[in-house]
Amino acid sequence: MAQKGVQIITVEPGSLAEEAGIRPGDTLLEIHGEAVLDQLNYQFLITREDEAALLVQRPDGSSFEAFVENGGEGIGVDLAQDEVKVCKQNCVFCFVHQMPKGFRKSLYLKDEDVRLSFLYGHFTTLSSSDDAELDRIVRERLSPIHVSVHATDPAARVRVVGNPREGDILRKIDRLLEGGIDVHTQAVVAPGLNDGAIWQQTVDDLWARHRAGRGSVLSLSCVPVGLTTHREHLPSVQDVDAAFARDWVARWTPEVRKYAKASDGEPWLLLADEWFTRAGIEVPGRAFYSKSWAQLENGVGLVRRFLEHSRRFIKSPRAKGFAGRRVLLLTGSSFAPTLSRVAAELNRAVGSHLRVVPAQNFSFGDSVTVAGLLCGEDLKYAAHADREAKGGPGWVDAVVVPSASLRTHTGPTDQYTLRGAVVREEGTFLDDLTLPQLAAELGVPAVPSGANLSHLLDHLEAADRGAFRGGALQSAFHAAGLNLPQGAYNP
């Protein structure tokens with residue numbers, strides 16, 4: 001973790017840094033005699049004391065010391081982006097290994113970075129975290145972080161992650177807990193690999209560390225394994241079919257409630273929505289999920305939150321903004337039944353004409369049913385097929401695509417980047433087709449769904465005004481629901 005210093009890219013006029021003679025292009029080497037590792041480390045070091053002793057290097061290699069009275073605040077510099085760290089594991093169900101060929105380079109990067117885990121909730125296996133980095137997490141209070149455990153049994157974990165040196169995940173978790181760091185955990189469950197007794201041991205081991213010391217295992221989520229059709233030369237992994245998912249829901253739904261009761265009503269064991277959608281079972285009610293929607297980014301509670309918002313929205317005067325609108329809603333096959341039911345309720349309530357069409361995933365295969373992994377060509381094909389079947393004059397007023405299927409750049413303050421990544425701001429699908437290109441191909445506005453019906457109506461109204469014609473996506477639409485890289489790289 002030891003790059004020497006961080007380059008300064010801008011200096012605010014009139015700032016403490018400018019007064020100290022610091023210029024863009026300089027490198028900040030040390031603060032208080034400690035090497036500056038990255039942006040997070042800079043924030044930790046610069047705020048420790050009211051005065052900061054800086055060691056700065058010029059582009060020509062010369063260096064100088066500067067002392068600033070900053071009152072524990074920043075000094076007015078923007079630092080260069082930190083390069084993302086990569087994963088050292090070889091998980092048997094790693095999605096990156098199942099990517100088809102021909103996509104852009106950044107999609108084949110396996111990020112494994114505790115900084116992203118702390119900042120954005122990315123899950124890390126801790127494979128790239130040695131004892132020195134674990135100590136840094138404790139020292140800089142990077143809490144909570146999110147850890148992919150998969151299995152606490154060392155032999156089983158080695159089989160899952162493919163790294164014989166990373167079986168004892170509890171040693172690393174315990175080191176963090178002893179230092180007062182809270183941890184959210186997850187396991188991707190594959191039949192015959194880490195279910196059954198292995199899963200039960202994982203639950204027992206992590207529950208024993210809930211509120212066990214200075215730090216706590218705050219939650220444990222389980223997610224069904226996701227497999228694509230591109231698994232040539234990869235280990236055989238059994239998929240989670242509907243029958244397995246139904247058995248899992250029946251077995252573990254009561255356990256979720258049991259652990260919640262033992263945790264003062266706050267759910268600790270969390271079942272991802274995919275267990276229910278794969279099983280063809282209605283997701284549970286609001287009380288089944290965390291009050292703070294813990295691990296929402298991991299697919300826990302997204303469907304229930306959408307249903308709760310939709311129920312309130314349809315009863316509101318704002319819903320009348322959908323009246324008379326003819327809109328095609330494209331989504332993944334797993335979410336299509338839920339969205340169809342909501343669209344039908346809205347149509348009955350306000351006289352709208354919303355139709356839901358599940359888009360087949362030709363890019364990754366039929367086994368991939370989530371909306372976020374639909375490519376632009378998949379959505380374009382579904383829209384063209386619908387126009388051929390139901391078309392005619394005034395086919396639809398607009399086509400709606402899942403926000404989760406779109407990637408966008410978050411702006412110049414991103415902290416982490418993949419070297420050589422190309423920034424695209426107009427809203428890009430996984431296969432590099434852009435939202436404006438899709439709209440031009442279809443001949444009608446194409447807008448992202450947003451996180452709820454209120455967002456969707458805002459987007460449709462923005463399209464009515466011509467507010468979005470190929471510029472930066474976030475200038476016209478809600479960022480909520482978009483698959484933002486959050487600095488990791490531009491996926």
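Trp268 is buried, with a relative accessible area of 0%. Buried here means under 20% relative accessible area, exposed means over 50%, and partly exposed is in between, with a 1.4 Å probe and protein chains only. Before going on, this is a predicted model, where local features need pLDDT of at least 70, side-chain atom pairs count only at pLDDT 80 or more, and totals for chains, interfaces and linings use all residues. Residues are numbered from 1 along each chain as its sequence is written, and side-chain values use heavy atoms, with hydrogens and water left out.

What does Trp268 pair with? Its partner is Trp207, in an edge-to-face aromatic pair with 5.0 Å from centre to centre and 70° between the planes. The two come from distant parts of the chain, 61 residues apart: Trp207 belongs to helix 7 (residues 196-207), and Trp268 to the loop between helix 8 and strand 12. Helices (H or I, at least four residues) and strands (E, at least two) are DSSP runs, numbered from the N terminus. For aromatic pairs, rings of Phe, Tyr and Trp (its six-membered ring) must have centres within 6.5 Å; planes under 30 degrees apart count as stacked, over 60 as edge-to-face and the rest as tilted. Trp207 is partly exposed, at a relative accessible area of 23%. By this rule the count comes to 15 aromatic pairs. One aromatic cluster is made of Trp199, Phe244, Trp248, Trp252 and Trp275.

Next, the two helices. The axes of helix 7 and helix 8 come within 14 Å and cross at roughly 10°. Axes are lines fitted to C-alpha atoms, for helices over the stretch in contact, and angles run from 0 to 180 degrees between N-to-C directions. Helix 7 and helix 8 are therefore roughly parallel to each other; angles under 35 degrees count as roughly parallel, over 145 as roughly antiparallel, 65 to 115 as roughly perpendicular and the rest as oblique. On the helix 7 side, the residues that meet helix 8 include Trp199 and Trp207, and on the helix 8 side they include Trp248, Trp252 and Tyr259. Contact means heavy atoms within 4.5 Å. The ring of Tyr259 also has the charged end of Lys258 over it, 4.8 Å from its centre. That label needs NZ of Lys or CZ of Arg within 6 Å of the ring centre and within 35 degrees of the ring normal.

Now the sheet beside them. Two strands pair if DSSP finds at least two bridges between them.

Strand 13 (residues 326-331) pairs with strand 15 (residues 398-401) over three bridges, and Val327 has Ala398 as its bridge partner in strand 15.
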